[in-house]
Structures are given as structure tokens and as C-alpha cells.
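Please look over the sequence and the structure first.

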Amino acid sequence: MVLQGLRRLEYRGYDSAGIAVVAEGELSSAKKAGKLANLEKVLADRPLPAATVGIGHTRWATHGGPTDRNAHPHVSTGGDVAVVHNGIIENFASLRAECEAAGIEFSSDTDTEVAAHLLTAAYADAPEGEGRLAEAMRAICRRLEGAFTLVATHAAEPDTLVAARRSSPLVVGVGETADGTAEYFLGSDVAAFIGHTRNALELGQDQIVQIDRTAGVTVTDFAGAAVEPTAYTVDWDAAAAEKGGYDWFMLKEIAEQPKAIADTLLGRLGDHGNLILDEVRLSDQELRDIDKIFVVSCGTSFHAGLIAKYAIEHWTRIPVEVEVASEFRYRDPVLDRSTLVIVISQSGETMDTLMALRHAKEQKARVLAICNANGSTIPRESDAVLYTHAGPEIAVASTKAFLSQIVACYLVGLFLAQVRGMKYEDEVAAIVEDLRKLPDAVAQVLTGMDEVRALGRSLADADTVLFLGRHVGFPVALEGALKLKELAYIHAEGFAAGELKHGPIAVIDQGTPVVVIVPSPHSRESVHGKVVSNIQEVRARGARTIVIAEEGDEDVVPYADHLIRVPRTPTLLAPVVTTVPLQVLACEIATTRGLDVDQPRNLAKSVTVE
Ligand code: F6R
């Protein structure tokens, strides 16, 4: 049953899996890197005993590579407690040091393992009797920082399962076996148990759930106060459940963007407005010696690099060149020890980017990877890595990984400015504050997408759509055009709006849709007025103008056939919000044309050939 549940969650993407059961006062577990088939092979050779309590996990590596030893469940030293975990325990380093000082030897590189050891100790301290494991879980959750869902079993508690939730999903399923016995499920989403029951309980933030064979479900907060969970009935079928109720993975991933950004910032913004990028294993001296930066990547990741250039140059005054990986290494770029090459890749396996990275290393440049897939080849071969914590991206076209790449680039730029003393502390702190607001800003954009969808339906027969932007709006225009090409198979091009009169304006005909990304009227670069003029120019030649502009920008109103509003955001950070309507637009046009949004023709998620 546990394996079946894990199969149902396979769509989320993972790189190792494991299960643990409690039977006759003993805990047994099995785990293996790779797909579930690998775990099944292990279980075929060494079956676990029959049991009525079990936990399972598929892991998408964050702390520690995707290896057997890092797979969950993690078992405490004495073998009594098994824990599975989603999320990131931010203060794991200090907790691990505390455990090690108490003589505990760790058998993995994960942040999760501390939870198993701490739980064992807390269980020993908790009063004997009913609810002991839940009490221990509450005690450790009060000490954990970060976002986590934890599920634990204890060998001495064969009738109990305990789980905790903070900022990571967890749902409870309540069902019945064929003979009428109550059965309970826990899952990070309902897809895990939809084959057994549609009756679910929703847990809130900072809550602990105990499932007991006789007492059933008990929910408390971290302090132990009783909480009434919200019951609901799942009306999705299994296929819809995998997609969280959305028609496409891409729509689900677009909706996950506020979380993807928040997770990418998590643990990296200090309390004093400073940045903490301990994972970037380049010394302060190495960072100070950098005199030139290349950003190298492909496709959507290349567009993230283009945005990075504006921010990094502005904040650090280090010259930045951005290049597609397939061109970079064939033109003999000038690289040396004081060059930093930032490679950006969602998958970490893109061959062009990998080859560019190897070329940079041969030339003695330092390489920093910004990557979403932990343990993949690109971060492994790089000198340093900053992971985007967007979670697995299933749809072929990149959305949430893109926004988190942009955010990771901001972090790198600000970190360099901080280390090199290019910005005063309060300046860094002010930008950090702006970064913290991005998840909410994106969430706000997402709530207003009905009109964008209606617009998308009206554009389904377009032959060509043009996208215009200036400054950081230019890469956004390129990304909008790429999304439309790859999803809807419609010819689309992105232009720097200032280039319009140097040629592209000739293609504008009666009714040609032109999407314009308008910079903030408050931007210091003052390109706002120029873009408003560009809108008038294309409109005068017959274009149907689709204008993405900040709330309160009234200058654009007379020239916009369609107006899409986004919240006010500092200029350099604006791509994170202005990209979102373009993703939704492309998705809706593709859906209206009856196309497979998740797997567009001719495309692969990870391009592992040159
Ligand atoms: C577009 C898209 C591709 C990838 C590109 C690089 O939506 O997904 O353009 O961005 O193939 O892939 P990664 O980032 O995995 O190196």
C-alpha cells in the first residue's frame, strides 16, 4: 500500500525512495537511490515483515546528493525511530553539532537525520503513556526552523503514526477497509491515497497530527492545544489529483511560483538584512578577485541570465556578459582565474551548458552553478552551487524554475556586492526587504488572471505575436515569445522596444497582436515614457496592443487595447512579476488550440545532446 502511494506521487519527480514499517515491536526499513523499481528490487530480495503501520517517501535531493544513504526514511541510532521529511530544516547545522557533541554519529548528509535523533531523545524525555510520540514531536518542532512536513514512527508504538506540518503540505485521509475497519492515510497530497478514500482532513500551519488505531485522528498545535481539522471531500479523480486539480502540470507549476520563490529565498536572508550563502564555497578573497562575469545557459535559463546582467552589474559594477552555452565555448571567450562563470540550468544536465562549464574550468575560470536538480552533473562539476528550491518541474516548458533562477541570480549579485563592499549594509537590507515581498506580489498577479485567460482564448488564431520590452523588460519579452512558440506553436518574437524603428516595425500589420512590457513609471532609468511612445507607434500602424503595466500607471491607458495590471515592484525585480501573465497567456492560447501544454511537440525536458 505504501509503495502504491509513492507510485501515485511519482509525477512530482524524485531521485530516491524508501519505506519503513513497524511490526512486532521492531522497525524495519529499506531505501534506494533512483526510481521506485530500484526500491522494489531491494524489497524483493529482502522483504519487510507484514505490518499495519508504514511510512514511505520519494526524495528530491536538497541537502546531500541523491544517494542510498541520503534517501528517507532516516532511522535513529538505536533503530527505534524512523522519519520522513519534506522541506528544509534551516537550523540543522547547529542541531547536528549538538547531536554530534552528544556522541551521535550521523549516517547521511541530510538535514532530516537530525529530526530522527532529536525525536529519539525527546521521546525518552516525554511522559510515558498515550500521546508520548506526539508530545516528543511537538517538543522537537518547537526547535526546528524552516519549512517541513515530518512523519515519524516508533518501534515501541506499533499502533501510532505522528506527523507535523509547517509551510509544507500534509493531508490526512480517513477511510475504511472492505470489512469496515477504519484506515488512515497521510500524504503530501491527496493523490497518494485517492485510490482508497476521498475523505480528507486539512491541517493548518504548525500543527501535529497523531493517528492512533483506537483513538483515531488527534490534531494539536505545537504547544499541545487541541485543534479541529477541516474535513473535506476530494472530488478529483486520480489523474487530476496528481496535478493538484489543475488541467496541466504547467498550470500547477505556475501556481506554485510564490512558494518556489519563497523556498529559494529561505535560509538565505539574514535577520539583519544581510545575505547568507554558505553553500557558495568560494572564499571571500576569491569573490573579491573576480573582475569579470559570464552567465552561460540555454533557452529560458538564458533569459534568467539576461536579467541577471542588469542586476549584477548595477549592484557590483563588475562587467557581466551573457551568452547561450552553445555559442560560448566555440568562440574562444577570454577567461582566466579572475573570471566567474555562472551557469544556470534547471535540470543540471543540459549538454551545451555542461560543455561550456568544462571549457570554463579548463581555462581556469571559477564556475558557480545555479541549478534546480540536486546532485545533477552541472552542480557536481562546478566549483560552487546555489540551488533554486523550485521543487520538481514536470511540464517541459519552464515556469517556476525560471522565476526561482532569477531570484537566485539576485541573491548572487547582492552577495557579491555585500562581500566586495559595493553596497552599504542598509542598501543590501533594503533590497532584501524587496525580495521578501516577491512571493506575495506573484500571488497577487495570479489572482487576477481571468482576463488574461479570456484574452488568450481570443488570440488562439493569431499567426504572429510580437513582444516588446526595454531594460529588464527586454528579456521578459524574449521569454514571453519563447513560451508562446513552444506551447502554442505560434510564431512569436521578442524585441528590445528601442530597436523597433530599426526594422521590426515593418512586420506590424492590421490587428497584429503586440505585447508590451512597460517599466515602472517610478523607475530611475526613466525608460517608461519611451515605452509608452513605442506603444503609440505600433498602435498607429494597426497593432492590437496588449499592455502589461504597473498598478496606477495611467499613461498607458489611452493606448492599451488590453491592459494587464501587475503590482508595483522595484525595476530590477519586476521580471519576477511581469513574466507571470505571459506564462498564463501562452498556456491558455495553447489549450484553446487543443495542444498538449505539458509535452509540446519536438521538445524534451532536458536536452542532453549538443
Ligand atoms: C523553455 C525551456 C528550455 C530550457 C533549456 C535549458 O521553457 O524549458 O528552453 O530552459 O532547455 O534547460 P536547463 O535549464 O535544464 O539547462
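Which helices each supply at least two residues of the shell around the ligand? They are helix H10 (299-316) and helix H17 (473-488); helices (H or I, at least four residues) are DSSP runs, numbered from the N terminus. The model is predicted: local features need pLDDT of at least 70, side-chain atom pairs count only at pLDDT 80 or more, and totals for chains, interfaces and linings use all residues. Residues are numbered from 1 along each chain as its sequence is written, and side-chain values use heavy atoms, with hydrogens and water left out.

H10 gives the largest share of the shell, three residues. By type, the shell holds three nonpolar, eight polar and two charged residues. Ser 301, Ser 345, Ser 347, Thr 350 and Glu 486 come nearest of the 13 residues around the ligand, where a residue counts if one of its heavy atoms lies within 4 Å.

| Residue | Atom of the residue | Distance |
|---|---|---|
| Ser 345 | polar side-chain atom | 2.6 Å |
| Gln 346 | polar backbone atom | 2.6 Å |
| Val 396 | backbone N or O atom | 3.4 Å |

On its own the ligand has 410 Å² of accessible area (Shrake-Rupley method, 1.4 Å probe), and the protein covers 90% of this area.

Helix H8 (residues 257-265) has seven of its nine residues buried, meaning under 20% relative accessible area (1.4 Å probe, protein chains only). Among them are Gln 257, Ile 261 and Leu 265. After H8 comes Gly 267, with a positive phi near 80°.

Conventions:
Buried means under 20% relative accessible area, exposed over 50%, partly exposed in between (1.4 Å probe, protein chains only). A polar contact is a pair of N or O atoms within 3.5 Å; within protein, one must be able to donate a hydrogen and the other to accept it, and residues adjacent in sequence count only if both atoms are side-chain atoms. Ala, Val, Leu, Ile, Met, Phe, Trp, Tyr, Cys and Pro count as nonpolar, Asp, Glu, Lys and Arg as charged, and the others, Gly among them, as polar.
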